[in-house]
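Subject: Structure handover and findings

Dear colleague,

Please find the sequence and structure below for your records. My notes on what was found in them follow.

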Amino acid sequence: MTNAGDGIDLTGLTAGPAQTWGAIRLVPLLRASPVTDLRLHARLYDPDELSVVHVEPRTAYVSYIPHSFVATWTTDATPAAAYGTQLRAPADTRAPSGIRLTFRRRLARREARQRLRFLPLHLALEGYLALQFGGPSIAWQEWTHHAVTCGLSPRVEAGYTGASIAGLDDALRVFEIHPDQCGMMLYAADALAAAFVVPHPDDYRALHPTLLQDLYGELLFHYAHLYPAVPEFSPRLDDTRVASIADLRAQLTRADADWKSFHAGLADGLLAAGRLTVTPVHRMGRFTLARFLPAFDLDTDNHIGETITDEAGRLAYLKTFRLSAAQTRRGHLLSQLAANDWDLDATAATLGADRNALVQRLDRAGFGHLLRPDIIDAWRRRTREPRTKPLARRGGTA
Amino acid sequence: MSRADRVACEDVVMFVNAAIASTAQREFRSDAAAQRLSLGFLHEYVLGNYRDLYAATLALDVNDRNAALVVTNLLRTAREASAAQRAVEGRLIAARLRSLPPQRVYGVIRELRRLRINNRRTRAIVRDWVAARPDPAFDAIKYRRSLSVAARHAHLPLPGEVGTVLFDWRRPKRYETPILEAWRRAHYEQRALYELPYTVAEGLAAQHGIDRARFLTGIAPRLTDRERLRLQGTAARHRVESIAMDLATAPLTRLAIHVLSLPRPERARRRDELTGALQAAARRAARRQAGTWGRVVAVLDDSYSAAGSGVKRRRPLAVALATHYLLESLAADYTGLWLHHRGDPLLVHPIGATGLGTRIVDGLEHRPDRLVIVSDGWDNAPPGQAAEVLRVWRSRLDPHQATSVVHLNPVYDADTFDVRRLAAGVATVGVRDAEDVAALVELARFATGSAGFDELRHHLADRVERFLTPEGAAP
């Protein structure tokens, strides 16, 4: 079911010239030959519209529903949330399977103050949250009864909607979409924050504004606030080598190449993400919907996300979410625990620490409630000891 | 040229650029508040430092909104001017008010009232302007509220029934003046509606619940040219034949805006008609200068940002399209290069990034006498390449300046208090209507520092002279 892969294959996509707006740098991904038999279903966003474009001849017209946060696609116009991305046949007219949402006033109010509610709709985020959801597979004595029977339920992670990120709305509004653009790499202060790829330029055009409603990691939110602007690439032509129009053109070509390589370098962030754990979720026709988790390497960027690939492994759809440092730590801990069958000592050995340090890390990562209280207490007592001992000795001599 | 003179020259050119291009409305990259704030500051700055030149800009092609603002500001700060300055300002204001559309002038009067400016000179200016209006009864109907504000503020004596209809309209059983009588009857009688101006009749028609198509058919003979052009789309939707106009009389830029508002299949279907209309309008705008510009190449920006904003829909693109046809008629040999579009310019559509650099090289390859660039100045693929190309061209390939390069920018950049420049050595001028291009290119040489402050003063004095002469010659 689950297999590991090396990074994400962006073959067929080239990074175009970026445009910057404040701290946000948007690098378009261009596709010379778009995927025409997988198209986005626009119904989620506009109930009146049937589909984006009809392509002839239709060999395998498959539509899918990109994960939507809240949309009025239930027949009675009540808000509902999709269980992540779903693949659907065009003839399928039933409403996509989803869960009805009821909003209380408090949630709405929190949103108005730019405090963001978490909507567990993102397929990849769901995958991340479901990471080791079942808890310990062997009932080691250190784990609480609750941890063994209920696992990590419920796990909650926080993200920011695009609307709350400073300048992102303007950046998306003034971005001049390229004619054959099929995707976008979003950088905040030149840190890769998200990647988004769709099969066809028309789909991209339709879905470009939804980037604002998407979910982003903490990093983007902070960087967009902290950095006023990122430096622009400025080409420099060597005028000593220009004696004719042809020379000028040659200089331009060289500047363009520099420009492209500058962005190819920027786009490397995701490709160098290391080994990914890819889990296929749904298969339809020649397309496979999958989600992936990173290696949770604490020293590099970690992106979770979802992809749709065709039978040759060519990328048709991609959406990523950059984990914050804390989220990476949590994922790292959980994956290490699972690899060692939730045995504390074995895990501590793998991590190159002792049992106490591991308990400490678990507690600080917010998983303290999973461990038996006496284990946590013992750790806390032991961490207090070095401070209390010298004091007591001094008291004794006085 | 001394440094102070150069600064003064740059300041004034900057202000003129802004006053031509900006309407303080939302643009593609900045919102209305930023535009208004920035423009307001610029007006204060130029008024405070170069009062004579500030007043003289009334003689240039600054847009109506800025002209109104200049008039208000001059009247507001009249006590800071000397007697001689006041005399010139008074004549300039009177002349400009006459050329402004009446609703703008009424706007100025309302603003004066809000600011409580009501000295003898202001009252005289308002009085003279109202007295010169061709039909006070018509104004009393069409600009009802505004005329009453003006009359009360400037203590105007209004002739006969005009005063009655403004301030005591319920009393008379009937009016002697036909239009006032029609207005009175139109409140009760649907037929009388069609004798009124369109904007007045529209409100009353809504009160009577008259069907839109029927109303448009009836009011068609009363429409002004601009109203007629504006209603083309509505008329087509409601299938009202009588509003369809001969596009051959519309001004160039408005016509371009209208053309771009049509869907592309319709533009393709009516290609000959629309192209003919645009070419005719361009010939009218070029007048005597037609064919005198030599070899001209234009690089025209049809990137996505040319779509403008919700309130200035496709304005930059329309200016580029209009300039295309105007230059075609001005030049002896013309080549128009769009960034993305190939083929018939009528089907141009705002899309994609702005990569001006390569396109400028394409243009320069023709070795033209003039290179005209119409763009909002955001050269972003890669950023600043156009500036590099123009720099290298100037320093290496064309040291004798055989080609003159002018950048026309239809968008005001609120952050820099100017229209955005492409490169240091290239003259950038703001443009609102393509019709003014010939006059603006004349102004362009002051933008690069190649002409001095004295020359600028002379140029402005000359323009003021020309602006004021017709009324001096008139009896």
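In these notes, buried means under 20% relative accessible area, exposed over 50%, and partly exposed in between, with a 1.4 Å probe and protein chains only. Helices (H or I, at least four residues) and strands (E, at least two) are DSSP runs, numbered from the N terminus. By these criteria helix H20 (residues 356–364) of chain B is mostly covered, as eight of its nine residues are buried. Among them are B:Leu356, B:Ile360 and B:Leu364, together with B:Arg359 and B:Asp362.

The model is a predicted one, in which local features need pLDDT of at least 70 and side-chain atom pairs count only at pLDDT 80 or more, while totals for chains, interfaces and linings use all residues. Residues are numbered from 1 along each chain as its sequence is written, chains are lettered from A and ligands numbered from 1 in the order in which they are written, and side-chain values use heavy atoms, with hydrogens and water left out. The scores are ipTM 0.75 and pTM 0.82. For chain B the mean pLDDT (the predictor's confidence in each residue, from 0 to 100) is 90, and 98% of its residues reach 70 or more.

Chain A

Chain A contains eleven helices and 17 strands. Of its 398 residues, 48% count as buried. Taking contact to mean heavy atoms within 4.5 Å, residues 24 or more positions apart account for 61% of the contacts in chain A with a separation of 6 or more.

Helix H8 (residues 325–339) of chain A packs against two other helices of that chain. Axes here are lines fitted to C-alpha atoms, for helices over the stretch in contact, and angles run from 0 to 180 degrees between N-to-C directions. The axes of H8(A) and H9(A) (residues 344–351) come within 9 Å and cross at roughly 120°. Those of H8(A) and H10(A) (residues 355–367) are 10 Å apart, at an angle of about 130°. Angles under 35 degrees count as roughly parallel, over 145 as roughly antiparallel, 65 to 115 as roughly perpendicular and the rest as oblique; H8(A) and H9(A) are therefore oblique to each other, as are H8(A) and H10(A). A:Leu333 and A:Leu337 are among the H8(A) residues that meet H9(A), and both also take part in the meeting with H10(A).

A:Phe296 has a positive phi, near 55°, and is not a glycine. This residue lies in the loop between strands E15 (287–293) and E16 (303–309) of chain A and counts as buried because its relative accessibility is 3%.

Chain B and the cores

A nonpolar core is a set of buried Ala, Val, Leu, Ile, Met, Phe, Trp, Tyr and Cys residues joined through side-chain atoms within 4.5 Å. The largest has 143 residues, of which B:Leu196 and B:Phe215 touch the most other members. Its largest share, eleven residues, comes from helix H1 (residues 3–21) of chain B. Apart from it lies another core, of 28 residues, including A:Phe175 and A:Leu220.

B:Val62 lies in the loop between helices H3 (51–56) and H4 (64–76) of chain B, and is buried at 4% relative accessibility. Its C-alpha atom is separated by 9.6 Å from that of B:Gly430, 368 residues apart along the chain.

B:Arg367, in the loop between H20 and strand E3 (370–374) of chain B, also has a positive phi, of about 50°. B:Arg367 is partly exposed, with a relative accessible area of 46%.

Yours sincerely
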